[in-house]
Amino acid sequence: LAAALTSEWHSLVLAASAENKVCASVDGKEIFANLQVRDLDTGFAAIGANEWFPIEFRNLSISKATSGGGWTPPSRCPRPSVGAELSVRNCSRNGIFAEDQGWELVPSYQLKHIDSGLCASATAPGPVVLEVCDSSKVGQLFVNDYTLIRNRVQLVTSKAVQQQLSGKKTGEVFVGNSGGDWKQWSYFPNTKQLRNQYVADTNLGYPLCLSTCPSAQTSDHEAEVLVFT
């Protein structure tokens, strides 16, 4: 294939289906078809080359998904109130903001839920609940590296308990140093999500986000269709 791509223009097509299968062609010649790919990777897509040489792209077209889901917000949850326990559920994808997953990392180390205006709180090992925001309450302080948490996973430590904010793949969130599937988080400022992974972690599966939904309520994710030409 590399030898065939000379200084002339060539047509490349890459398509992904709702069944998480991809196909590709160059100048109308099929390179591969129905190649199964995983759907737990999220982030930005890019087109480039694997070597340092002059290259130019023109007439790039990216078609938005028309089937397969992924472009609508997940199912909505009841608006939370004081005392509601936090959970995790599948992260909303494609940059779509989900009210239950929207958090502000306040410089005071509070975790403020944007839609309700309430803050996460923990005063003992166990579940994390929402309460009226008050930065003087040590139970609302979840210490983290305010910069690095945007670039990689970081520990989030309850100042009152001196233990980590942890989660389980079954949906529970709690403060405790043991018994969880993870205890590191990463903040995605564009979608306001606090995720359990920054890059794909096959041990954790599809990314899970801190949520105000009841832990029993889940949100299925579906693959989208993307066509690059």
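How many residues lie between β13 and β14 in their hairpin, and which residue in the turn has a positive phi? I started my notebook with this one. I found four residues between the two strands, and Gln162 in the turn has a positive phi of about 60 degrees. A reminder to myself: this is a predicted model.

**Entry: the whole chain**
I looked up the secondary structure next and found 19 strands and zero helices in the protein chain. The chain has 229 residues, and 38% of them are buried.

Ser158 stands opposite Gln163 in β14.

**Entry: β14 meets β15**
I followed β14 onward to β15, which covers residues 173–175; these two strands are also antiparallel, with three bridges. Gly167 has Val173 in β15 as its bridge partner. This hairpin has five residues between its strands, and here Gly171 takes a positive phi near 115 degrees.

**Entry: is β14 buried or exposed?**
Four of its five residues are buried, so the strand is largely enclosed by the rest of the structure. For this step I kept the cut-off handy: buried means under 20% relative accessible area.

Terms used: Residues are numbered from 1 along each chain as its sequence is written. This is a predicted model: local features need pLDDT of at least 70, side-chain atom pairs count only at pLDDT 80 or more; totals for chains, interfaces and linings use all residues. Side-chain values use heavy atoms; hydrogens and water are left out. Buried means under 20% relative accessible area, exposed over 50%, partly exposed in between (1.4 Å probe, protein chains only). Two strands pair if DSSP finds at least two bridges between them.
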